[in-house]
Amino acid sequence: MRVALSVACFDDALFPETGRAVTVLLERLGHEVVFPPGQTCCGQIHWTSGYHREAADLARGYTRAFEGGDVVVAPSASCAAAVRAAYPRIARAARDPGLARAAEGLAVYELTEFLVDVLGVTDVGARFPHRVAYHPSCQSMRTLGIGDRPLRLLRAVQGLDLVDLPAAEECCGFGGAFAMKNADVSVAMVADKVRHIRGTGADVVCAVDDSCLAHIGGALSRLRAGVRTMHLAEILAATGPS
């Protein structure tokens, strides 16, 4: 299958290893991965911050970049949710039926949805001998409803010890612009999240959104907790000790 890789601008700027991991993983499973060079930000942060005209411009650019019928895979629940849930609203606000049709024509999947639902696999041939906790991001749970797909993939990884994270479904406090507009509340929320992570004894905490991991990782590093953050794709791409 030919797969178009959609890389969040957050990942492109700060976590390029995530896109590389998705490419390694999908190619190992026998699929062709292409990277449309015209892609830019999906526009989610603009939309949620009230910049609706700018969000519409970015949505038009995104749909143009990925038109053509390829399956689109995004290692970001936040971006996948923007295209599937926000783009119809952006199109209505912009009174742009062409954008609505273009967005409807895109088949955009978050990575774990694509692996489990489209490819029908949970064992991707990964090996990662570490104790791992999984943080379910708000967009993955509440907008996309990906449920236990990430956990099913993690349970199939050889050598991985998956631990339960208390209060896992509580927000980490990032929330895009929320962390900047409500810094004190955000810090209190991530402090709770980090306390629960440290209580598991995990070596690694993973998620399907690098934005959450940046927030959690910053708090962990300030505490010198000795817990790494990794995108789920990096774990699934691993084939030995790392």
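A residue is called buried when its relative accessible area is under 20%, exposed when over 50%, and partly exposed in between, as computed with a 1.4 Å probe on protein chains only. By this criterion, the buried residues of helix 4 are A55, A56, L58, A59, G61, Y62, T63, A65 and F66; helices (H or I, at least four residues) and strands (E, at least two) are DSSP runs numbered from the N terminus. The model is a predicted one, in which local features need pLDDT of at least 70 and side-chain atom pairs count only at pLDDT 80 or more, whereas totals for chains, interfaces and linings use all residues. Residues are numbered from 1 along each chain as its sequence is written, and side-chain values use heavy atoms, with hydrogens and water left out.

Helix 4 comprises residues 52–66, and its end C-alpha atoms are 21 Å apart, in agreement with the 21 Å that its 15 residues should span at 1.5 Å a residue; the expected span of a helix is 1.5 Å times one less than its number of residues. The buried residues of this helix pack against strand 1, helix 3 (44–48), strand 3, helix 5, helix 6 (97–104) and strand 4, where contact means heavy atoms within 4.5 Å. Leaving aside residues up to four places away in sequence, T63 touches Y87, L99, A102, A103 and L106. The side chain of T63 also reaches the backbone oxygen of R60 at 2.9 Å, a polar contact being a pair of N or O atoms within 3.5 Å, of which, within protein, one must be able to donate a hydrogen and the other to accept it, while residues adjacent in sequence count only if both atoms are side-chain atoms. Just after helix 4, G68 takes a positive phi of about 130 degrees.

Strand 3 (residues 71–74) is covered on both faces, with V71 and V73 buried on one side and V72 and A74 buried on the other. Strands are taken to pair if DSSP finds at least two bridges between them. Strand 3 pairs with strand 1 (residues 2–5) in the parallel sense over three bridges, and V3 stands opposite V71 in this arrangement. Three bridges likewise join strand 3 to strand 4 (residues 108–110), the two running parallel, and V72 has V108 of strand 4 as its bridge partner.

A nonpolar core is a set of buried Ala, Val, Leu, Ile, Met, Phe, Trp, Tyr and Cys residues joined through side-chain atoms within 4.5 Å. The largest such core holds 61 residues, of which Y62, Y87, I90, F128, I235 and L236 touch the most other members. Helix 5 (residues 77–94) gives the most to this core, with ten residues. Residues up to four places away in sequence not being counted, L236 touches L25, R28, L115, V124, A126, L153 and V157.

A search of the whole structure finds ten salt bridges, each defined as a side-chain nitrogen of Lys or Arg within 4 Å of a carboxyl oxygen of Asp or Glu. One of them joins the side chains of R2 and E32 (3.4 Å, N to O), and this pair links distant parts of the chain, since R2 lies in strand 1 and E32 in strand 2 (residues 32–34), 30 residues apart. R2 is partly exposed, at 40% relative accessible area, as is E32, at 43%. R2, E32 and D70 are linked in a network of salt bridges. A further salt bridge joins the side chains of E54 and R53 (3.9 Å, N to O); E54 is partly exposed at 30% relative accessibility, whereas R53 is exposed at 64%. In the salt bridge between D148 and R152, the closest N and O atoms are 3.8 Å apart, and both residues are partly exposed, with relative accessible areas of 38% for D148 and 36% for R152.

Backbone angles were also examined. Most residues other than glycine have a negative phi. A167, however, has a positive phi near 50 degrees; A167 is placed in the loop between strand 6 (161–163) and helix 10 (178–181) and is partly exposed, with a relative accessible area of 31%. R224 has a positive phi near 50 degrees and is found in the loop between helix 12 (210–222) and strand 8 (228–231), where R224 is exposed, with a relative accessible area of 78%.
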